[in-house]
Amino acid sequence: MHPVLKLVVQRIALGLLLLLVVSMLIFIGVEALPGDTAQSILGQSATPQALENLRQTLGLNEPATTRYFKWLWGFLHGDFGKALTNGQDIAAAIGQRLGNTLFLASCAAVIAVPLAIILGLVAARYQARWPDKVISGITLSTISLPEFVAAYFVIYLLTQVIPIFQPVAMVFPGMSFWAKLNAVALPVIVLVLVVLAHMMRMTRAAILNVMESAYIETAELKGLSPMRVIAQHALPNAIAPIVSVVVLNLAYLVVGVVVVEVVFSYNALGQYLVDHVSKRDLPVVQAVGMIFAGVYIGLNILADVVAILANPRLRHPK
Amino acid sequence: MRRIPLSALIGMILTGGFLFCAIFAEWVAPYGYDEVLGKVWESPSSTYLLGTDTIGRDILSRLIYGARITIFVALAASILSFSLGSFLGFLAAVRGGWIDQVLSRLVDVVMSVPSLIIALVLLSVLDINLTVLIFVIGILDATRVFRLSRAVAMDIAVMDYVEAAKLRGEGQSWVIFREILPNALSPLVAEFGLRFIFAVLFISTLSFLGLGIQPPLMDWGGMVKENKDALVYGKSAALMPALAIALLAISVNLVADWVLTRTSSLKGGRGG
């Protein structure tokens with residue numbers, strides 16, 4: 001087998017194993033904690049008989065491992081069970097909301113990725129001069145803000161100081177694409193702000209790292225313009241680190257989305273998760289948590305695979 | 001001692017101010033934290049310096065009392081994550097073998113999922129109270145301290161003086177606490193600042209989501225949540241606690257940054 005293919009297969013297998021272990025953690029780890037599902041549904045005043053009946057119907061009397069495998073089997077087949085609070089099918093509820101989350105996250109990604117790379121290039125080109133200082137200064141201050149704080153600053157600025165947007169993002173089925181785009185403008189701006197800083201700083205660092213090499217000095221000495229040195233000589237060699245930075249930050253979007261959806265009362269997966277944590281609806285939390293974890297791990301695997309593929313030393317084995 | 005740069009000085013003064021307010025809240029705050037004084041969402045005035053909140057309580061007083069809870073929880077969580085993370089990290093580095101394998105793989109698994117998602121899953125089962133919050137944040141954060149302290153201790157564990165101590169017949173705890181700990185302290189101290197900020201942001205985010213500090217206690221994240229509707233009416237009430245979180249995070253960051261550069265230059269040359 002080609003060594004690169006072997007590495008990639010190894011990495012993916014490792015990722016799948018990790019996913020399995022995480023699923024055990026989310027299911028069995030949570031079971032082991034103090035707290036009784038039946039008790040939390042019926043409340044403190046429930047009679048022992050009522051508790052016993054509920055445990056029977058929910059299958060809580062079976063051993064945890066049996067329930068884990070049933071759960072995993074169902075999960076792999078798109079059957080997430082029913083919500084404890086209202087008895088609705090979880091898969092259907094997730095299906096309605098997943099699209100909204102993906103729409104929000106992909107809008108943010110489409111803007112943030114090119115912007116971060118361009119700003120990173122500019123900062124590297126004018127290193128230690130004013131464009132670099134301005135860009136680095138702004139990103140450094142946004143990096144230390146939690147998502148919801150950044151969100152409220154943006155809301156205040158763009159709905160009160162300069163009133164151009166609505167402070168809530170309502171999306172419902174049947175809206176036209178442009179209306180949807182307009183509705184998510186504010187949350188997208190916030191998400192872009194949150195991931196932009198990390199992405200731009202890592203891009204800058206990756207390019208500056210390449211700029212130290214001898215062949216860059218040669219290119220400079222033979223009289224190429226600085227922008228051309230970066231575009232033709234530095235960028236191709238910095239692609240691997242930049243791509244993995246981009247993918248890692250897309251994974252970071254996964255967490256940002258949860259908080260931002262709550263801020264804007266945006267009806268999607270993150271809001272659904274947070275709502276059901278406070279209702280203590282364990283099956284919903286486990287299913288949605290598992291989806292978020294899966295996307296996060298998946299993106300991390302992708303980042304590693306891209307890094308492997310982009311490394312010329314691995315592509316041409318001796 | 002060399003001069004302290006301006007940024008670090010500003011950071012120290014602000015951090016000190018926050019700490020002072022948190023400790024002496026009873027004397028600093030103009031009103032009690034649950035006194036209903038004025039109308040809903042009054043604008044800042046000379047009576048209520050930062051205005052009033054959703055049921056007419058003084059925002060400044062609530063901010064000052066809230067600082068106590070935010071800082072206490074964050075501090076307790078980062079102390080827990082440090083003692084747990086660095087002890088296990090040192091242990092893994094010194095013992096190696098299966099202890100190292102088990103601990104490292106466990107940390108890999110926990111770190112492969114975003115902390116917020118794990119915290120949400122845990123908090124859907126556990127009773128939400130101060131102790132549980134401190135433990136959840138502290139343990140999740142300990143994974144990062146574990147990685148750092150294990151890496152630092154790995155470098156120290158191969159030094160001659162550690163070898164000498166082992167040959168002398170010193171026990172495990174002597175090697176960890178008397179040989180490795182003093183030498184690993186400076187990078188760990190700089191990291192403490194960053195972990196503290198992380199804990200502040202984490203507890204604020206949880207409270208904002210309604211899953212952190214529960215009323216009648218309140219912290220800054222919870223205050224943003226309480227007052228978030230004010231923005232729709234053009235009032236700035238929700239911005240004040242948000243600003244406080246941002247200011248605390250940035251000022252601790254400035255100090256931690258300075259400690260980091262200072263300690264790393266110390267390692268390079270002692271003469272300077």
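The model is predicted: local features need pLDDT of at least 70, side-chain atom pairs count only at pLDDT 80 or more, and totals for chains, interfaces and linings use all residues. Residues are numbered from 1 along each chain as its sequence is written, with chains lettered from A and ligands numbered from 1 in the order in which they are written.

**Chain B.** Chain B has ten helices and zero strands. Helices here are DSSP runs of H or I with at least four residues, strands are runs of E with at least two, and both are numbered from the N terminus. The C-alpha atoms occupy a box of roughly 75 × 50 × 30 Å along the principal axes. Of the 272 residues in chain B, 44% are buried. Buried means 20 or more other C-beta atoms within 10 Å of the residue's own, exposed means 12 or fewer, and partly exposed lies in between, with C-beta atoms placed from the backbone. Among contacts in chain B with a separation of 6 or more, 67% join residues 24 or more positions apart. A contact requires C-beta atoms, placed from the backbone, within 7 Å.

**Interface.** On the chain B side, 33 residues touch 39 residues of chain A. The elements of chain B that give two or more residues to this side are α5 (115-123), α8 (172-208) and α10 (239-268). The largest share, seven residues, comes from α10(B). The chain B side divides into 25 nonpolar, eight polar and no charged residues. Nonpolar covers Ala, Val, Leu, Ile, Met, Phe, Trp, Tyr, Cys and Pro; charged covers Asp, Glu, Lys and Arg; the others, Gly among them, are polar.

| α3(B) with α8(B) | 17 residues | six residues | one residue |

Helix α3 (residues 59-95) of chain B packs against α8(B) at about 145 degrees, with axes 7 Å apart. Axes are lines fitted to C-alpha atoms over the stretch in contact, and angles run from 0 to 180 degrees between N-to-C directions.

**Chain A.** A:Val8 lies in helix α1 (residues 3-32). A:Val8 is partly exposed because 18 other C-beta atoms lie within 10 Å. Beyond its neighbours within four places in sequence, A:Val8 contacts A:Val305 and A:Ile308. A:Val8 and A:Gln56 are 48 residues apart in sequence and 45 Å apart in space, C-alpha to C-alpha.

Technical notes: Contact = placed C-beta atoms within 7 Å.
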